[in-house]
Amino acid sequence: MVQITTYLPYFISTVVVCGMITNFLSPSGGIVNMALNKLGIESINFLSLPQWFRPIYVISGSWQTFGFNSIIYVAAIMGISPELYEAMRIDGANKRQIITNLVFPSIRPTVILILIMTLGRLMNVGFEKVYLLYNPAVYETADVIQTYVYRQGILSNNYSYSAAVGLFNSLINFAIVFVANRLSRKLTDTAVW
Amino acid sequence: MMRTERNIGDKIFDTVVYTFIAIAVVVCVYPFIYIVSVSISSGAAVNRGDVWLYPVDLNFEAMKTVLGYKQLWISFANTVFYTVAGTFLNIVFTCLAAYPLSRKSFFLRKKLNFLLAFTMYFSGGLIPIYIVVTGLGLYNSRLAMLIPVLISAYNVMICRSAFESVSEELYENAALEGANDFIILYRIAIPVIKPTLAVLTLYYAVAHYNDFFNAMLYISDRNKEPLQSFLRRILLQASMEIMQTTSIDMAALNQSTLQVRYVCIVVAIIPVLIFVPFVHKYLVQGTMLGSVKG
């Protein structure tokens, strides 16, 4: 049950999540500002301030994905044989020690694999959410390569320039994955290929 | 089973863990509860700022206004079409792609596998795709929502691993009895990997349902737009079209524009919320497939 409630946000579309964010953070009717007012703090216009964009983006991203990603870790933890737990209990370990000395090392390969795959998408930072949340006031902190390419290419018809930017983006992306994979193979013996 | 001692350290640890879990659940669930509460409260209460958890002055006017708006249903129907047709095409083509790649006797296997993995990490980018799709004449056509996303390399790899786990003897026996590859695929391979296909269906369906990017790029005709495009107009561009086209006097009924938006969100989320608990089992299986087999 806990699993279902925590991964539900993952299935909500970006449009709906951004709609929720925009309406919750709105200075007039939004619930965040209402709560702040009750505590005596003035309303903050979150979405027009450049310094708030990144925290908002990151926090809402975590909210959406942490439940879904935890499924993978749960599956990995379930793969640890119960005999190892028994052995540690017999040796007198308390729960905290069991976790740090047994669980974490056992799921290390899985964590690294996922890290590499995520790094592969590093440069493709979610276009949709940035696009839906930004406005001209926050261009300086909010623009990512994809949204810039979109504005230059499709909206300003600057096809060649933005195609070049896009290709460059892909190249860097690939290089990062490649290096991460090499490093991981050298340091921990787990790798994607 | 050995009954272990529960000392103070363990108890404190347990409390901390349970607190974390409780916070996580509340953080995930509260926004939804809030939105539903606002949707069924009266407009006056919302405007006063009285609603924070429970509905105040139970009132379904906002829901009636939104549900009576025709464009909502047009775009919803479009989304249903894209999801159903799109997912079906996706599964068909993914299987067709994955099956040859899983048979060891296929001579192009290594090269094609490499190309497939390559496209996962490296692609031409947004502009070339846009140019290709519009160059093919798909702009503003329903096919533009279906064809560019026909196959996902990642899912083909999952499907391919599943096919590889089918034992070679089954194939040989079928070939001995005179079955050609299509019959083998349809009668033998696919029934064996049904759980994997269930998971892939889920992934593809969610991707189609939530897709607004393709619509934003390629579709400008209001009659073909999916639900997400419609939502975007209402929620983010603060379009007043619902209030303007339904002949309801906003002030007289004391409604809030905020409420109308939240009702739209509720309408969009309901299918997902209903669908997900049923597929929970497949979802957990599927993530294991994707990550453990790599």
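Let's start with Asn140 of chain B. Is Asn140(B) buried or exposed? It counts as exposed, because Asn140(B) has 12 C-beta neighbours inside 10 Å, and 12 or fewer is the cut-off for exposed. Keep in mind that this is a predicted model.

Where does Asn140(B) sit? Its place is the loop between helix 6 and helix 7 of chain B, with helix 7 covering 143-146. Look at the backbone there too. Phi of Asn140(B) is near 65 degrees. That is a positive value, in a residue other than glycine. As background, most residues other than glycine have a negative phi.

Now a contrast, over in chain A. Gly19(A) counts as buried, because it has 24 C-beta neighbours inside 10 Å, and the cut-off for buried is 20 or more. Gly19(A) lies in helix 2 of chain A, residues 14-24. Which residue is 114 places away along the chain from Gly19(A), with 8.8 Å between the C-alpha atoms? That is Leu133(A).

Back to chain B, as a whole. How many helices and strands? Chain B has 17 helices and 0 strands. It has 294 residues, and 29% of them count as buried. Take the contacts in chain B between residues at least 6 apart in sequence. Of those, 72% join residues at least 24 apart.

Next, how helices pack. Two packed helices are described by the angle between their axes and the distance between the axes.

First pair: helix 5, residues 109-121, and helix 8, residues 153-164, both of chain B. Their axes come within 9 Å and cross at roughly 140 degrees. So helix 5 of chain B is oblique to helix 8 of chain B, since roughly antiparallel needs an angle over 145. The crossing of these two helices is left-handed. Who makes the contact? From helix 5 of chain B, Leu116(B), Thr119(B) and Met120(B). From helix 8 of chain B, Ala153(B), Tyr154(B), Val156(B) and Met157(B). By class, that contact has 6 nonpolar residues, 1 polar and no charged.

Helix 8 of chain B brings Asn155(B), Ile158(B), Cys159(B) and Ala162(B). Helix 11 of chain B brings Thr196(B), Leu200(B) and Tyr203(B).

Which of its residues are buried? Thr196(B), Val199(B), Leu200(B), Tyr204(B), Val206(B), His208(B), Tyr209(B) and Asn210(B).

Last topic: where the two chains meet. The contact takes 48 residues from chain B and 51 from chain A. Six stretches of chain B each supply at least two residues of its side: helix 1 (8-39), helix 6 (126-135), helix 11 (194-210), helix 13 (227-235), helix 16 (257-275) and helix 17 (280-292). Which helix gives the most to that side? Helix 1 of chain B does, with 11 residues. By class, the side of chain B that touches chain A has 32 nonpolar, 13 polar and 3 charged residues.

Note on methods: Residues numbered from 1 in each chain as written. Chains lettered and ligands numbered in written order. Predicted model: local features only at pLDDT ≥ 70, side-chain atom pairs only at ≥ 80, totals over all residues. Contact = placed C-beta atoms within 7 Å. Helix = DSSP H or I, 4+ residues; strand = E, 2+ residues; numbered from the N terminus. Nonpolar A, V, L, I, M, F, W, Y, C, P; charged D, E, K, R; others polar. Axes fitted to C-alpha atoms, helices over the stretch in contact; angles between N-to-C directions. Parallel < 35°, antiparallel > 145°, perpendicular 65-115°, else oblique. Left-handed = near helix turned anticlockwise from the far one by under 90°.
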